[in-house]
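Please keep the sequence and the coordinates at hand while reading.

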Amino acid sequence: MKNLFSTIFFLALIGIAGYFLYEKSIDNNPSKSEQNAANPAEQPIKEATDRIEKIEITKDSTYGALMATSGVPYELSTKIYDAAKPIYDLVKIRVGRTIELQHDKDTDEIKELRYKIDTEDELFVSRVATSSVASSSELNYSWQAELRPIPYELKLRIAAGTIETSMYQAALDSEIDIRAIIELANAFQWEIDFAMDPRVNDTFNFVYEERYLNGEYIMPGQIFAGRYVNAGEQFDVYYFEENEDNIGFFDADGNSVQKMFLKAPVAFKYISSGYTRGPRYLAAFQLFTSSHMAIDYAAAIGTPVRSVGNGTVIYAGWNNKGYGNYISVHHNGTYTTNYAHLSKIYVSYGKKVSQSDIIGAVGSTGFSTGPHLHYEMVKNGAKINPLLEVLPPGKPIKDENKDRFFAEIKKWQEMLDK
Ligand SMILES: [Zn+2]
């Protein structure tokens with residue numbers, strides 16, 4: 001058993017290494033601007049432009065320290081900080097991101113600070129001229145902050161793959177950004193258990209946006225449609241915004257694919273490293289039988305464990321009967337789910353949890369042969385096989401909006417059918 005787990009761990013490492021290599025190859029693509037620069041004859045005569053200073057946020061650095069290092073007077077960096085604060089607290093800047101300072105081309109004074117706070121929005125703190133001081137031509141300045149959506153250029157992409165070992169590996173083989181595959185798996189997470197269900201020759205294809213900035217690929221955006229054919233059975237999902245309260249993925253009939261329970265208590269991105277034995281992922285290695293009424297997911301110690309549904313924690317602590325660190329979530333009068341052998345417990349008795357909330361971490365506590373999650377579903381007091389349980393679909397699209405829905409997904413269906 002020990003060999004088995006070290007093999008899994010080793011293969012997982014290979015998967016991670018593969019991921020980074022893949023990311024790197026994206027970075028190496030020559031950007032459009034570099035290609036343009038190759039022809040100097042077409043370059044306009046250079047005019048003085050504002051200087052853009054890029055400050056990389058390093059480990060343990062703070063906004064104040066970074067500004068001081070860049071020679072920004074304390075009084076000025078405080079003014080910018082105070083202006084930003086109602087919109088974004090610059091104390092929260094993140095390692096690896098960049099602060100941009102725009103310096104005036106004539107005076108070299110700072111005119112603007114820019115910082116991408118996440119993948120969606122950018123903070124702008126700009127100097128704005130206010131009234132002149134009474135006697136002289138000197139201007140007063142104030143600083144104003146706002147968040148603006150990052151203006152990505154969007155390209156529609158259709159991608160497809162066939163499972164030989166795993167969806168993760170199929171994505172790598174087809175040069176699909178693994179982040180897009182993780183999003184695709186999330187769209188199917190109520191219908192397909194990616195540790196259990198995939199089979200050799202399963203196929204998938206999907207339509208999604210790629211986001212670019214200045215011609216450079218940045219990241220995948222919205223997934224509009226996806227199809228996964230699992231052992232001959234076809235699952236489709238279509239993204240649709242019915243109204244503010246009903247946005248998400250629906251099947252071709254307009255039923256929400258979001259169900260009461262997720263198919264698996266471990267997210268695809270943690271069970272996706274591409275190791276297999278035969279036609280099935282090794283990640284789920286012990287199934288529901290009369291003597292083992294649960295599903296076991298092999299995963300590294302510390303892998304996040306999520307609640308498959310909304311509910312209340314009715315047990316969180318040590319179990320003497322072999323379960324080790326153990327959590328029990330009561331979902332309603334019918335269903336309870338149990339999570340055993342955990343290394344960490346992040347919830348306590350009585351806590352309300354939502355679907356997908358991380359409640360603990362995979363471990364090997366209690367009677368356990370190696371790191372894994374032992375996952376049980378209990379229905380009306382009896383342990384049942386969660387993989388076979390049929391759950392009603394979520395909120396469907398209203399009849400009055402169905403025409404709009406069918407019209408919108410038609411183009412996606414045509415792309416998936418090709
Ligand atoms: Zn078990």
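Which residue in β20 does threonine 312 stand opposite? In this predicted model, the residue opposite threonine 312 is lysine 352 of β20. The two strands concerned, β16 (residues 311-319) and β20 (residues 352-353), are paired in the antiparallel sense, and the pairing extends over two bridges.

Strand β16 is also joined to β17 (residues 324-330), again with the strands running antiparallel, here through seven bridges.

## Helix α6 and its surroundings

Helix α6 spans residues 178-187, and its buried residues are Ala180, Ile181, Leu184, Ala185 and Ala187. Viewed down the helix axis, the buried residues of α6 fall within an arc of 155 degrees, and therefore they line one face of the helix.

What do these buried residues pack against? Their partners are the helix α5 (167-173) together with the strands β7 (203-213), β8 (216-230), β9 (233-243) and β10 (246-250).

## Nonpolar cores

The largest nonpolar core contains 63 residues, of which Met167, Ala225, Val266 and Leu342 touch the most other members. At least three residues of this core come from domain 2 (152-259 + 395-418), and at least three come from domain 3 (263-391). Another core, lying apart from the largest one, has 14 residues, including Ile55, Met67, Ala83 and Leu90.

## The chain as a whole

The chain holds seven helices and 23 strands, and of its 418 residues 31% are buried. When contacts between residues at least 6 apart in sequence are considered, 63% of them join residues that are at least 24 apart.

## Confidence in the model

The average pLDDT of the chain is 85, and 83% of the residues reach a score of at least 70. Two stretches call for care in reading. Over residues 1-41 the pLDDT stays under 50, and for this stretch the model has 33 contacts beyond four places in sequence. Residues 273-282 likewise have a pLDDT below 50, with 29 contacts in the model beyond near neighbours in sequence.

Key:
Residues numbered from 1 in each chain as written. Predicted model: local features only at pLDDT ≥ 70, side-chain atom pairs only at ≥ 80, totals over all residues. pLDDT = per-residue confidence, 0-100. Contact = placed C-beta atoms within 7 Å. Helix = DSSP H or I, 4+ residues; strand = E, 2+ residues; numbered from the N terminus. Buried ≥ 20, exposed ≤ 12 C-beta atoms within 10 Å, placed from the backbone. Core = buried A, V, L, I, M, F, W, Y, C linked by C-beta atoms within 7 Å. Domains from an automatic or database assignment. Arc of directions from axis to C-beta. Pairing = 2+ DSSP bridges.
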